[in-house]
Amino acid sequence: MSRISYDTAETLVYDPVGANRNATRSALYALGFRRIETVATLEAFNEFIVRRPPDLAVCEAMGAEEQLCDTIQSLRHGLNAYNPFIVIVVTAWENHNSLVSRVLDSGADDLLLRPFSTSTLETRIRTHVDRRKGFVITSEYIGPDRRRDRSRPSHADLFHPPNSLKMKVKERLSAEEAAQRIEGELKTARETLTAEKLRRDAFQICILWRMIQERHPRGGKCDRADLTKIGDYAKSVSRRCRDTEYEAAVEWC
């Protein structure tokens, strides 16, 4: 492997257990990370992500699995934070199927089981520096491509989001150079995310509307689940259309 340096990369560690939080921080420090922030609550994690997006986030799932995954999913959808594409490694003490599925479906880059060695952590991080998976955007999921069977057709196009971690540790850009470059790449990436989400959410609205019409041709009572889904998609489209050339769609939504 080519030599890289982690000293300028900004890292955020979330873990509600102090001993584990310190152990993760120590492992990162041993790898050469120097700009490490730690938080003990999910609320603090959320605030930090919005206020100052790191290049790498290492967060613990146990204790608040559902809330953490909702936070990551919201981040990937670009609803709150400035940079929805930061590298996210989730840690956990168990690997039961429901947790694995929920973490991967949230859009996290990786799931790392505890206890882990410093070398294992480095291998995982290095993978996301050298060979980070391309992202897919669907109506429900935004994150690394999880498709195993490449022979199966898919309408989800891959795109490669900005990777500020790679910029700093491998390309050795200064904080100022990385900030300038990430600014331009984020603008393009967010435009891609917005356009693709609008296209897919609008398509889902049309499909659901047609299904409702076919199921209830005489205006009968609709299923609550269908109404909830179409309402959620309409809210998503409305939110993304504000202050854009598609502003007129807000009223329709």
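Below are my entries, from the whole chain down to single residues.

**Ground rules.** I am working on a predicted model, where local features need pLDDT of at least 70 and side-chain atom pairs count only at pLDDT 80 or more, while totals for chains, interfaces and linings use all residues. Residues are numbered from 1 along each chain as its sequence is written, and side-chain values use heavy atoms, with hydrogens and water left out.

**Whole chain.** I looked up the secondary structure and got 9 helices and 8 strands; these are DSSP runs numbered from the N terminus, helices being H or I of at least four residues and strands E of at least two. The radius of gyration is 20 Å, close to the 18 Å from the globule rule for 253 residues, so the chain is as compact as a globular protein of that length. For that I used C-alpha atoms, and the rule is 2.2 Å times the number of residues to the power 0.38. The C-alpha box along the principal axes is roughly 70 × 40 × 40 Å.

I then checked burial: 45% of the 253 residues count as buried. Buried means under 20% relative accessible area, exposed means over 50%, and partly exposed is in between (1.4 Å probe, protein chains only). Among contacts (heavy atoms within 4.5 Å) between residues at least 6 apart in sequence, 67% join residues at least 24 apart.

Charges next. I have 40 positive and 37 negative side chains, and the centres of the two sets lie 3 Å apart. Lys and Arg count as positive, Asp and Glu as negative, with His and the chain ends not counted; each charge is placed at NZ of Lys, CZ of Arg, CG of Asp or CD of Glu.

**Helix H2.** In H2 (residues 42–51) I found Leu42, Phe45, Phe48 and Ile49 buried. They cover an arc of only 120° around the axis, which puts them on the same side of H2; the arc is that of the directions from the helix axis to the C-beta atoms. Glu43, Glu47 and Arg51 are exposed on the face turned away from that buried side. The buried residues pack against strands E1 (10–14), E2 (35–39) and E3 (56–60), plus helix H3 (65–76).

Leaving aside neighbours within four places in sequence, Phe48 is in contact with Leu12, Glu37 and Pro53.

**Helix H4.** Here (residues 97–106) Leu99, Val103 and Ser106 are buried. Their arc is only 65° around the axis, which puts them on the same side of H4. Just after H4, Gly107 takes a positive phi of about 105°.

Beyond its neighbours within four places in sequence, its contacts include Ser106, Gly107, Asp109 and Arg132.

Asp201, in helix H7 (residues 175–215), is also at 0% relative accessibility and counts as buried. With neighbours within four places in sequence set aside, Asp201 is in contact with Ser139, Tyr233, Ser236 and Val237.
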